[in-house]
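Reader: Could you walk me through reading the interfaces in this model? I would like the general idea each time, then the case at hand.

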4 protein chains.
Amino acid sequence: MTLHTPELRDHACLIVHGPDQIGLVAAISAVLTVNKANIVSLDQYTDDPDGGAFFQRVVFHREGLTAVMPDIEAELDETLRTYGMTWTLTDQSVPERMAILASTTDHCLLDLLWRHRRGELPVTIPMVISNHTNTAEDVRSFGVPFHHVPSQGPDKTEAEAEILRLLAGNVDFVVLARYMQILSEGFIDALGVPVINIHHSFLPAFIGAGPYKAAKERGVKLIGATSHYVTPELDEGPIIEQDVVRVTHVDTAADLQRRGADVERDVLSRAVTWHAQNRVVRHGNQTIVFQ
Amino acid sequence: MTLHTPELRDHACLIVHGPDQIGLVAAISAVLTVNKANIVSLDQYTDDPDGGAFFQRVVFHREGLTAVMPDIEAELDETLRTYGMTWTLTDQSVPERMAILASTTDHCLLDLLWRHRRGELPVTIPMVISNHTNTAEDVRSFGVPFHHVPSQGPDKTEAEAEILRLLAGNVDFVVLARYMQILSEGFIDALGVPVINIHHSFLPAFIGAGPYKAAKERGVKLIGATSHYVTPELDEGPIIEQDVVRVTHVDTAADLQRRGADVERDVLSRAVTWHAQNRVVRHGNQTIVFQ
Amino acid sequence: MTLHTPELRDHACLIVHGPDQIGLVAAISAVLTVNKANIVSLDQYTDDPDGGAFFQRVVFHREGLTAVMPDIEAELDETLRTYGMTWTLTDQSVPERMAILASTTDHCLLDLLWRHRRGELPVTIPMVISNHTNTAEDVRSFGVPFHHVPSQGPDKTEAEAEILRLLAGNVDFVVLARYMQILSEGFIDALGVPVINIHHSFLPAFIGAGPYKAAKERGVKLIGATSHYVTPELDEGPIIEQDVVRVTHVDTAADLQRRGADVERDVLSRAVTWHAQNRVVRHGNQTIVFQ
Amino acid sequence: MTLHTPELRDHACLIVHGPDQIGLVAAISAVLTVNKANIVSLDQYTDDPDGGAFFQRVVFHREGLTAVMPDIEAELDETLRTYGMTWTLTDQSVPERMAILASTTDHCLLDLLWRHRRGELPVTIPMVISNHTNTAEDVRSFGVPFHHVPSQGPDKTEAEAEILRLLAGNVDFVVLARYMQILSEGFIDALGVPVINIHHSFLPAFIGAGPYKAAKERGVKLIGATSHYVTPELDEGPIIEQDVVRVTHVDTAADLQRRGADVERDVLSRAVTWHAQNRVVRHGNQTIVFQ
């Protein structure tokens, strides 16, 4: 496994959540201190100090991390088990594997590929899958494998099966970069990794198809984009990031689409980056985003 | 009638709309030129150059305007009648009369009163009507009459009748500065002047009561406010202005309400100012805002 | 001393900074755990993980805080002394005492007074001092003492001495709410508490007098406001908060001033709130703002 | 000449500026009416209604424009000459020819090429010139000629001469897409077409080299980008567009650079689009941007 970012060598990220209790921070930091780890950043959030849920993100540095990782994991397990907490520990020098699903529209796809090439995204991109072929050459020019999986007709069973075959075991999360197909609940379950979507409106306004046309008809003065985790309910999953841009009566629905595209790619790239940096914790249908 | 803004003496604002046609601008500007009026600003918008609707806002300066106003009106009438256009001509030195309806919440109300005292709003404020008394002293300290019209119980007939009696003939438009009562269609019809509302969400998201609570539950990353003309359909009228502010998972519903209040008062004050300056033209359920 | 915010009863805020070291978080949180304190929020920042400076803000809840405060302070002192750290511990239920200095312009002053009345600012306001009298009635209507200290002529010695007499021992920090007098270095030293200013430009652009006129001349497309701690160098102190608003060629210098006023009051109120909540740590000529 | 945008066939843009006078709008629109042109949009600005400067942008549609263009020009010349006005008339179906100068940094360059391929920019791109070769393959993959003109050492005479040879007669304007060389006054004069630069700060803050490092040192809470016309005074030319993004104490100078890059490409693309649509009029060291 290639080390993606040299400056993250020997860095790990610990996410802990569960019932808030006195002594949690002390217990966790004691394990790190005993293991000679230096805490680089620490963020904590409690949704209700009186019996609520506790969320913590700790990034720490430990010389020779790989060798001691099993020990740290064992000690954290022993400690956090007594508090009834859920936790994950991630070696930050190992980038997440991110697959991209796309359709004909290229602005979000190209922006992710270009940011990756620049070194802005802490991920590897094992493949791009599209139900069209127009972006194949561009994708491959970035050195990323491109797979065409057509998805015509109402029955998506075969297409979804083919996509599952390609992704299985090869990815840590999937990004829908304006992929214009609705994924079945069965597909999402079988995939078993997080799926991040970009919706071209300020959710919950304008759920579903044609949001720019709907925005023009309603006469809104701002249009937006929303990146969220995909759940079986269309456009209803936990929101990671949103943003808006000002428009006026002069802008046509096509203008809204063009201006919205800039917001979409910015919002999606921020959501993807934060997810890949383990900054996003799902909590019911909401997200905690540690920044 | 007091002249509100000395620098607007001898200025008039002409709003024209109707079917787009060749020669309209020339015809209108010819009338102004013949009457020795200097065009200070001119904005035009056509929603479809091929047979669409034409909208124009012209502000002009004419020495001794009051004396020649009837002549200009007569000539405009003659000219624009042949084109089948709707138009209004307003002496800009005469401020619009704006009544404010409020409830207990004071942030939008006080902001309008402050701005008015500072000379920012080109209006007079003949009265504030509230269904509570808590703001009476503040309102009167600005030299503005305060009327208490209670509105308890499900039957609003008497309250609306009393409000109508107070407003009839005394106002050019009405602002609902977080007035927490739904006005009946009969009231709006009987009132006969525009009513501007501020809704505490980014419409069309979170229509109706409790938008901040709903926003917290949906986990949005931006909250907003919308100022719109009131129509019989709740929160569905033409939008004049909207804005948003960024929030995070840390913000409680009470925090959203507090931070949203700042957006509400800013959005409402812009909408009111633009309306009072004849910058807003209603077009179906949308607005043209000339800036 | 009145308890300002009941929900902050039994809450304390600990700020720690100094050289980054392994074990710091564990040591601090161990003291809190031993004293049965529950950590409500914790933010940590290290400007350089390799030998840099460490900053931490912890808010904790401890039933019956007042009684055990001396014990906690003693234990923290013992522990943090060995690490060579600087620290402050503040009972959050005791609001800071904030004096306001103002001149004729009232928008920032009134906004602070109104937010305070609404319960948004965790402070008491023992007095407002102005070199003009125009705001006296408004200030007193909020139940806040008003003092007039004229400041004419080039020699400010007497005025500054009078202000010092009024403030001495009565305030924890001072806000310059568009106070249009430059304070001498001697005054700032003698005062001995933080002074927060609002400058009407996006610093470091347009330092000094007349920033809106200078902005108009330069033809900028955004104007801004900056809140910062006052230092002897005019407009050069550590920045707490900034924001901007979009303008166009149509806006005159007077329009910029009017629109900038909205940004000024928003920026100042955020800076003041964060300061009063012990969220701002000065670090050289920069600030850490924990949010 | 390829017609770039079919929907702009038979559309022309007229820009008029000069001393404000009664009758100007009427005279101009009369010429258009006589020539059967339908005004699609019209914006007018007067910097001082009392003897100031007049600026107007008119877009009109005329069936069979090419054939009657000379007549319209002759009549406009005759009319506007009597008013002492400066004017330009542009066939909007003929795209402007835009050359791009770049260095190693690719984000602004690629963004312009993407937008152009997507049909967002109403220009042709006859060439990209760079003093480095790293972007050659990318540029050519868009079907755009790439020329390498090295620019080492203090003497830029030869490089500038070579660039002039390449551009002479082939371009209508030049964009510096993070071109890290200062152009001599002689070069700008000899070029004779507008040059648009993107500066990586919110001008006039942080003029010159290293603005992100300077921003970090000053501790600003927002960073920005500015697109302006190039004049002999470095970073002092008329500003076309600016924007900012929020940053915090956590962001390093490298983070500022990365986040600023997103603002740079957005700001530059807006400035370029508006320039190519004849929306920008220079007025002293300021710009009128008709939107």
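Reader: How many residue pairs are in polar contact across the interface of domain 1 of chain A and domain 2 of chain A?

Author: A polar contact is a pair of N or O atoms within 3.5 Å; within protein, one must be able to donate a hydrogen and the other to accept it, and residues adjacent in sequence count only if both atoms are side-chain atoms. In this predicted model, local features need pLDDT of at least 70 and side-chain atom pairs count only at pLDDT 80 or more, while totals for chains, interfaces and linings use all residues. Side-chain values use heavy atoms, without hydrogens and water; residues are numbered from 1 along each chain as its sequence is written, and chains are lettered from A and ligands numbered from 1 in the order in which they are written. Here the rule finds three residue pairs between domain 1 of chain A and domain 2 of chain A, both residues at pLDDT 80 or more.

Reader: What is the count of salt bridges between domain 1 of chain A and domain 2 of chain A?

Author: For a salt bridge, look for a side-chain nitrogen of Lys or Arg within 4 Å of a carboxyl oxygen of Asp or Glu. Between domain 1 of chain A and domain 2 of chain A the count is zero.

Reader: And what is the area that these domains bury between them?

Author: Buried area is the accessible area (1.4 Å probe) that two parts lose on being put together, summed over both. Domain 1 of chain A and domain 2 of chain A bury about 670 Å², with 65% of it on carbon and sulfur atoms. On the domain 1 side, A:Ile15, A:Phe55 and A:Arg57 supply 57% of the area buried against domain 2 of chain A, more than any other three residues.

Reader: Now the two chains: what rotation superposes chain A on chain B?

Author: Copies are superposed by least squares on the C-alpha atoms of residues with pLDDT of at least 70 in both. A rotation of 180° with 0.0 Å of shift along its axis does it, at an RMSD of 0.1 Å. That is why we speak of a two-fold axis. The C-alpha of A:Ala205 is the one in chain A nearest the axis, 2.3 Å from it.

Reader: How many salt bridges are counted between chain A and chain B?

Author: Six. In one between A:Arg246 and B:Glu241, the closest N and O atoms are 3.0 Å apart. Polar contacts between chain A and chain B come to 22 residue pairs, both residues at pLDDT 80 or more.
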